[in-house]
Amino acid sequence: MRWNLGLTCAAALSGFVSEASADVYRDPDTGFSFSQKDVAITTNNNHITFRIAIPSPVPANQPYDAVIQIVAPNTAGWVGVAWGGSMTNNPLLIGWTNGANGVVSVRRATAHTAPTAYSGATAQVFKKGVKSNGTHWQVTAKCTGCTSFVTTGSNTKTLNPAGSNRLAFAYSRTKPSQPGSDSSPINVHDLFNYWDHDFAAAGNAQFDDLVKGNL
Ligand code: HEM
């Protein structure tokens with residue numbers, strides 16, 4: 001079933017998808033090998049694809065960078081990834097498209113109110129892996145600080161690089177009001193949900209070199 005969703009996506013997005021298998025996607029644009037998941041946003045197969053790449057090997061319990069690629073239908077004004085799997089007390093990486101450019105912003109919330117800037121993580125949009133067509137937009141970015149973070153008090157959570165991590169997403173049909181600015185206000189989401197992302201399939205031995213080639 002998931003493979004069918006992948007095919008639907010590939011058909012709708014020629015040039016976006018190649019060599020797709022059920023869970024691993026080798027991106028011809030950026031060179032990364034991503035672990036990917038299609039997450040439904042409607043009941044008729046409309047979905048957002050989340051792709052994550054990490055270094056390999058990752059030493060146990062060490063902070064490590066992650067590359068995230070989001071492929072969203074043009075109906076999505078912004079898409080957010082909650083790395084800790086809930087809205088509060090973890091990095092919220094929000095991405096959107098602004099013409100030919102991609103914009104990402106990392107924020108944080110302590111309640112179910114508009115998140116504010118988060119200095120504990122930094123995201124950089126790649127030069128490659130950012131594009132849009134008549135149906136979808138795509139943003140690719142590296143995040144430092146998204147896989148290991150303080151949750152509450154002095155508790156730190158580090159995502160398991162060798163297994164599955166529960167993530168959450170939110171999306172809004174309304175574009176940020178200042179789309180060219182990574183500090184733009186955003187509207188509340190129209191939908192949120194959770195998924196388990198397989199980080200064990202996200203490893204890239206050439207991670208640092210690939211990052212350099214994409215920035
Ligand atoms: C203006 C910005 C935002 C506002 C006002 C807002 C507000 C809210 C509210 C009121 C809820 C509770 C909804 C319910 O229980 O039915 C909620 C839940 C949620 N929001 Fe947001 N939100 C915003 C941005 C974000 C962003 C950027 C993310 C990033 C992924 C996010 C992720 C979630 C998730 C996963 C939930 C489910 C409950 C939880 O895990 O805490 N939100 N939000």
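**Entry 1: Ala72.** Leaving aside neighbours within four places in sequence, I found Ala72 in contact with Ile48, Val79, Thr135, His136 and Trp137 (contact means heavy atoms within 4.5 Å). I was working on a predicted model, in which local features need pLDDT of at least 70 and side-chain atom pairs pLDDT 80 or more, while totals for chains, interfaces and linings use all residues. Residues are numbered from 1 along each chain as its sequence is written, and side-chain values use heavy atoms, without hydrogens and water.

I next looked up where Ala72 sits, and found that it belongs to strand β4, which covers residues 66-73 (strands are DSSP runs of E, at least two residues, and helices runs of H or I, at least four, numbered from the N terminus). Is Ala72 buried or exposed? Its relative accessible area is 0%, so I recorded Ala72 as buried (under 20%; exposed is over 50% and partly exposed in between, with a 1.4 Å probe and protein chains only). I also noted the pair Ala72 and Val139: 67 residues separate the two in sequence, and 8.8 Å separates their C-alpha atoms in space.

**Entry 2: the iron atom.** Which residues coordinate the iron atom of the ligand? I found Met87, through its atom SD, and His189, through its atom NE2, at 2.0 to 2.1 Å (donors are N, O and S atoms within 2.8 Å of the metal, or 3.2 Å for Na, K and Ca). I then asked where these two residues lie along the chain. Met87 is in the loop between β5 and β6, whereas His189 is in the loop between β14 and β15, so the pair ties together parts that lie 102 residues apart in sequence.

How accessible are the two residues? Met87 counts as partly exposed because its relative accessibility is 22%.

**Entry 3: the backbone.** Where does the chain hold a cis peptide bond? I found one joining Ser56 and Pro57, with omega at about 0 degrees. Pro57 lies in the loop between β3 (47-55) and β4.

I then looked up phi for two asparagines. For Asn45, phi is near 75 degrees, a positive value in a residue other than glycine. I placed Asn45 in the loop between β2 (33-40) and β3, and I recorded Asn45 as partly exposed because its relative accessible area is 37%. For Asn89, phi is near 60 degrees, and here too the value is positive in a residue other than glycine. Asn89 belongs to the loop between β5 and β6, where I had already placed Met87.

**Entry 4: the whole chain.** How many helices and strands does the protein chain have? I recorded two helices and 16 strands. The protein chain has 215 residues, of which 48% count as buried; Ala72, from my opening entry, is a buried residue. Lastly, I looked up how far contacts reach along the sequence. Taking the contacts in the protein chain between residues at least 6 apart in sequence, I noted that 58% join residues at least 24 apart.
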